[in-house]
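Please open the model in your viewer and keep the sequence panel beside it. The tour below goes from one selection to the next and says what is there at each stop.

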Amino acid sequence: MTDTTNSISDLIDISEDGMAFYEEAAQKVKDKKLSTLFSRLAKAKSDFAQELSGEVKPVAGGKKKTAKKADGPLFELSKAYAGLLKQWPESSAERFTRMAEVEGQLQVTFQKVVLDRDHSFVVRVLAKQYVSKAEVLNKELRACQRAA
């Protein structure tokens with residue numbers, strides 16, 4: 001079993017965390033263009049988490065795996081969105097820099113899922129579709145970062 005196989009449920013959880021973050025961020029910002037971008041990011045993460053959840057086999061015993069381990073490779077990403085919300089009043093440039101870092105790290109992780117043949121074809125296709133959507137949205141996020 002590969003690292004990405006072990007982390008699929010973490011990626012679903014992190015996507016759900018990201019969705020919640022961007023939904024709240026969309027409500028907090030006054031800029032309509034930024035609010036729309038955050039809403040689109042939330043939707044992309046929500047769609048991916050929902051579609052991927054349908055492809056992941058349930059853990060024996062019926063309990064949902066919550067792997068956000070303190071020593072796991074995705075632990076820092078699992079805390080990132082909560083940290084961004086707590087630091088919301090900080091300057092726009094710092095906030096956008098941190099968002100771009102988090103999204104970039106997630107892109108790398110999702111790309112590993114796409115390339116990992118231990119995953120089903122459907123899981124890899126879903127990850128590839130998300131990567132394609134997220135690349136466009138992340139470019140817009142970086143443009144906002146430069147403008148801040």
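Begin by selecting Glu103 in this predicted model: leaving aside its neighbours within four places in sequence, Glu103 is in contact with Tyr22, Lys45, Tyr81, Tyr130, Asn138 and Leu141. Glu103 is found in helix 4, and with a relative accessible area of 2% this residue is buried.

Among those contacts, select Lys45 next and show both side chains. Glu103 and Lys45 form a salt bridge, in which the closest N and O atoms are 2.9 Å apart. Because Glu103 lies in helix 4 (residues 92-115) and Lys45 in helix 2, the pair ties together parts that are 58 residues apart in sequence. Are the two partners buried or exposed? Both Glu103 and Lys45 are buried.

**The whole chain**

Now step back and colour the model by secondary structure. The chain has 5 helices and 0 strands, so that reading along the sequence gives the pattern α-α-α-α-α. Of its 148 residues, 42% count as buried, and the chain exposes about 8400 Å², of which carbon and sulfur atoms supply 54%. If you display contacts with a separation of 6 or more, residues 24 or more positions apart account for 75% of them.

**Two further salt bridges**

How many salt bridges does the structure hold? There are 5, including the one already visited between Glu103 and Lys45.

For another, select Glu140 and Arg40, which form a salt bridge with their closest N and O atoms 3.0 Å apart. Glu140 lies in helix 5 (residues 121-147) and Arg40 in helix 2 (residues 32-53), so this pair ties together parts that are 100 residues apart in sequence.

Helix 2, helix 4 and helix 5 each supply at least two residues of the lining, and helix 2 gives the most, with 5 residues. Sorted by class, the lining of the second largest pocket consists of 6 nonpolar, 2 polar and 5 charged residues.

**The cavity**

Rolling a probe the size of a water molecule over the atoms shows where empty space is left. The count comes to 1 cavity of 30 Å³ or more, and about 40 Å³ of space lies in the largest cavity. To see what surrounds the largest cavity, select Ala44, Asp47, Phe48, Glu51, Leu126, Gln129, Tyr130 and Lys133, which line it. The elements that give two or more residues to this lining are helix 2 and helix 5. By class, the lining of the largest cavity has 4 nonpolar, 1 polar and 3 charged residues. Tyr130, part of this lining, is also one of the residues in contact with Glu103.

**Last stop: Val114**

Finally, select Val114, whose place is in helix 4. Val114 is buried, with a relative accessible area of 13%, which falls under the 20% limit for that label. Which residues does Val114 contact, leaving aside its neighbours within four places in sequence? They are Arg124, Ala127, Lys128 and Val131. To finish, draw a distance between the C-alpha atoms of Val114 and Val125: these residues are 11 apart along the chain, and the two atoms are separated by 6.9 Å.

Methods
Residues numbered from 1 in each chain as written. Predicted model: local features only at pLDDT ≥ 70, side-chain atom pairs only at ≥ 80, totals over all residues. Heavy atoms only, no water. Salt bridge = Lys/Arg side-chain N within 4 Å of Asp/Glu carboxyl O. Helix = DSSP H or I, 4+ residues; strand = E, 2+ residues; numbered from the N terminus. Buried < 20%, exposed > 50% of the residue type's maximum accessible area, 1.4 Å probe, protein only. Nonpolar A, V, L, I, M, F, W, Y, C, P; charged D, E, K, R; others polar. Contact = heavy atoms within 4.5 Å. Areas by Shrake-Rupley, 256 points an atom, 1.4 Å probe, with all protein chains shown as cover. 1 Å grid on protein atoms, 1.4 Å probe; cavity = no way out; pocket = protein on both sides within 12 Å on 5 of 7 lines; lining within 4 Å. Points joined across faces, edges and corners; volume = space filled by probe spheres on them.
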